[in-house]
Amino acid sequence: MNKKKKVFKWILYIVLIGYALFTLFPFLWAVSASFKTYKEITGGGLNIIPNAPTLHAYKKLFTIDENFIRWIFNSFFICILGTFINVFLNSMTGYALARLQFKGKHLIFYAILVSIMVPGQVLLIPNYLIIKTFGLLNSYSAIILPAAVNATYIFMMRQFYINFPKTIEEAAAIDGLGRLGTFFRVSMPLAKPAIATQSVFIFLAFWNEFLKPKLYLSDPSKYTLTVGIQSMMSRYGGITQWDEVMAASVISLVPILLLYIVLNRYFMQGIRMDGEK
Amino acid sequence: MTRRKRKGEVAQGWGFVSPAMLVIGIFVMTSIVFALYISFHKVNLFTGYYEFIGLENYKRIFVDTKTRIAFFNTVGFVAVVVPIQTIFALIMASVLNAKLRGKFVFRTIYFLPTLTSSAALTMIFMFLFSLTGPINQLALNLNILQEPINFLNDPKFALKVIMSMNIWSTVPFFMTIYLAALQEVPNSVYEAADVDGATGFQKFIHITVPQLKPITTFVLLMGIIGTFQMFDQAYIFSNGSGGPENSTLTVALQIYRNAFGQNNTMGFATAMSIMLSIVIFTVSFIAQKLNKSESLY
Amino acid sequence: MKKIFSFVLMGLLVFGVLTGCQQPSQDQNPSSNSEQNESNQDSQDTEDNQSSLEGKKVVVGRWGGNDAETAAFAEMLEGFTNKTGIEVEERIYSDYNTELQAELIGGTAPDVFYVDAYMAPFYSEQGVLLSLDPVEFDLINFYDTLSNAFKRDTKYYAVSKDYSTLALYYNKKWVNESDIPTTLEDLWQGDYLTTLKETLPEGVEAMTYNQDMARNMYYAEAGGASIIKDDIYSSLGDSQVVENLRPLIEAAKADKIVTPQDLGTGWNGDAFGNEKTALMIEGNWVLGFMEQNFPDVEYGVIEIPTFKGEKGTMVFTVGYGINAATKEVDAAKAFVKYATGTEGMATWTTGAGVLPSRIDVADATKVEEDPFKMPHIAGAQYATPWQKGTTMDTINNEYKNYIPSAINGERTLEDALKKAEDEANKTIEANQ
């Protein structure tokens, strides 16, 4: 290896590490803040190691409501079910929009795009009225059904499948697989990186969704973890109890971080079959 | 034969998209239609009062000074944030895709901003940029500044702080998507380039960028939609007021302020939303065209 | 081209479905309820009617509080259920305005809910609140300021459950109570703050303040000035208002006072608790906050110094309102009567550590004996309520928008306030 290349590599590492610190710092600060006292958080110290570590905020959160364990269960139930339905439907729709020729395709594609272009604030009340009309208030269906597909990831999957080598599918068709068979046996498995990416972000969205579940669910035992914690947390004269907020955000990010690490290996598995194309 | 295949494909196509269309049709399109209906009326949703006023709400958008300010703020925000976040995400993704030690660790670390709650993030940034905060301290110590800058309360800087915050928190999302897309680029293409003695930079420009075009379309459009609708950071930052001097007033904040709270101007708020959607659609359309025609070969 | 066409087609499609949509939306709101309200107005006193209410259920909407508040609320509910046999279901809001508005429009709102005085004019104007009889709800025993905060025209729309006023807080480590000037003019225009600052450690400011009408209105309106004209329009540019605000702005320009944000803190309480400021003007919610988060800081509380020779402060109050569309009018009334009656209010205010809106409860619970609360209670007599019609949001927003430019010297105070007035009035005009 020549000298120039080596120097370049070193510079690259320095940049990478610099950027890593830049992203890591606020995150670590937030995590460490959850172990600090309120006084230390608001005192403005940038230290990552708490001066006097405390589990006070966590203790408070875990005992915030008798339904706490129930909330965790609800969250996982909604997130896992919701993510599965989404990955399946989004991929299918994105695939059809990218690969199949049929009338009305462009209209559908633009309808899907438009559905994410209208700002959500004015749709909140119409949404509420629709959910109410269908009698879905206070049920998990109110959370899962309207979010059963996600326009953003339909769009993403479409863009992924556009680039897909056609040859693989043609080979599958020759093998006698029908369209559905080709999709499930060939196209889905080959899009692993896209599907893993999609899963993480959809799970994240379900997990963090706050306003809608809060609005649709009135029975506290049905709350998700995010909704439960946030609604029980003290709102004392509009004062944000930062230690509790930080602890709550740490609790909520643990499952997603784990999911990301687990799915990480799929991010790098693609159709890099050499000799193809 | 081909005709039959075509017919089959139409049925297959509709079959594949119908579940999604059903959900979007019922839960999103209906709401949009309702919003559209409201936008032509003077409404009071509480009392069920609807008075048809034609385009009045839309006309107001063009004469309302606050809306104009909000619009230009938002456009400025989009113009700065979208190119930076896209280019940054693309570069970071292709670097992480190269043969590197500790890729896994870097990838996980770079993902973290996605998980940092926006309330916590806003608090950290407001502290960092405050009058007595570390950034001013550092700049004073290094003699870059003679006097501390009131980043948060100075109309010249407030929006820029939000921009940097937004870029910081959105890059990982797009980077992750680019990274997934890069897995689709066959190794053989890069290997062929290696044989030709191409440098890393040449490979980036001539292989990576063109190969990722469909995904760049996605990233650009999502960036455009997200920034045009930017709400929560501006809301937390300014306590909902859009100040100082309207400098952090975005269209989405203006919509929220008119839809909820003391103002009972849902009709105007929905008209603004519809107009914003049209603007987003137009800009997305142009961006997509530009991205497609731009030939880098 | 093809794509543009499909977009147009989409638009047409969307229009086509329009008619189908207007029907349900109209059915779902509590429209013509006003007639029903009137007839419910003079329903019998619940005391005589208790047996018939037994086993009924009311839903009460509120926002969450701290531990003490949650416990006190639960205790009060228990007392109510024991006495009347009416069951209570709680609904806790996080984004109160958004959630409650959606529920009111959807017809699913609680029977009784918290009403912030600030939002009371809006909700009563929308006809979603039942009007309440002052005699039936014993309003004579309340501080007038507090019961009137929920009054529109001649009717009352909610009953105050507790209140907060502003007072001056000082850190005992650095400040002698007797040294604090007795007028705001002296405090801001004299050299007390400058001298104080010289004695303070590096990085500690003498005093923090807020650029917010919710905190500034009592002196902005001193001496009979008004920040509102013709009921809805802003008159911030009024020469008397300008002169009233001048001492504050001049002090801010001279860096005698700073905002908590300048210090990198979210609000006065954080700056004061972390001992970054020696003085602040804050509400009594600070008391519980300091006890929980900064138990070591020694501080004192006094009434706010006079301005233009008069005492002044702000008062913030929240009340219980009854949903005009409720099917349980009698049970809802019974709840409000209990919660704002002598018994319920005593349970609530002593448990939660808040100030009772009823004078008789204040006397009975001896809350005035608390030296920290006393200055706040004294304020209830002369305070300006934070409630002024349905346009205050717009007026205050423009105030917050332009006041920084008066402080950094970009505009004169007159120009900044005039600009704030004009901008607000443009919006208000267009909203009519």
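Among contacts in chain A between residues at least 6 apart in sequence, what percentage join residues at least 24 apart? For chain A, that share is 76%. Keep that in mind as we go through the chain.

One word of caution before the tour. This is a predicted model. The predictor gives the complex an ipTM of 0.90 and a pTM of 0.88.

Let's start with chain A. Chain A has 277 residues, and buried residues make up 49% of them. Its secondary structure comes to 14 helices and two strands.

Now pick out one residue, Arg265(A). Look for it in helix α14 of chain A. Is Arg265(A) buried or exposed? Count the other C-beta atoms within 10 Å: there are 11, so Arg265(A) is exposed. Next, find Lys192(A). In sequence, Lys192(A) and Arg265(A) are 73 residues apart. In space, their C-alpha atoms are 9.8 Å apart.

On to the contact between chains A and B. Here 73 residues of chain A meet 68 residues of chain B. Several helices of chain A give two or more residues to this side, including α1 (3–33), α4 (68–99), α5 (105–117) and α11 (192–208). Which element gives the largest share? That is α14(A), with 10 residues. What about the classes of residue? Chain A's side of this contact divides into 50 nonpolar, 16 polar and seven charged residues.

Next, chain B itself. Chain B is divided into domain 1, residues 1–39, and domain 2, residues 55–293. The centres of these two domains of chain B, taken over C-alpha atoms, are 31 Å apart.

Now look at the strands of chain B. Strand β1 of chain B runs over residues 41–44. Strand β2 of chain B runs over residues 49–52. The two pair in the antiparallel sense, over four bridges. Follow one of those pairs: Lys42(B) has Glu51(B) in β2(B) as its bridge partner. Together β1(B) and β2(B) form a hairpin, with four residues between them. In the turn sits Gly48(B), with a positive phi of about 75°. Strand β1(B) also has two faces. His41(B) and Val43(B) are on the covered face. Lys42(B) and Asn44(B) are on the uncovered one.

Chain B also touches chain C. That contact takes 32 residues from chain B and 37 residues from chain C. On the chain B side, the elements giving two or more residues are α1 (2–39) and α3 (65–97). The largest share, six residues, comes from α1(B). By class, the chain B side has 12 nonpolar, 16 polar and four charged residues.

Last stop, chain C and its confidence. Chain C averages a pLDDT of 88, and 88% of its residues score at least 70. Where does the pLDDT of chain C fall below 50? That stretch is residues 1–48 of chain C. Beyond near neighbours in sequence, the stretch has 61 contacts in the model.

How values were computed
Residues numbered from 1 in each chain as written. Chains lettered and ligands numbered in written order. Predicted model: local features only at pLDDT ≥ 70, side-chain atom pairs only at ≥ 80, totals over all residues. Contact = placed C-beta atoms within 7 Å. Nonpolar A, V, L, I, M, F, W, Y, C, P; charged D, E, K, R; others polar. Buried ≥ 20, exposed ≤ 12 C-beta atoms within 10 Å, placed from the backbone. Pairing = 2+ DSSP bridges. Domains from an automatic or database assignment. pLDDT = per-residue confidence, 0-100.
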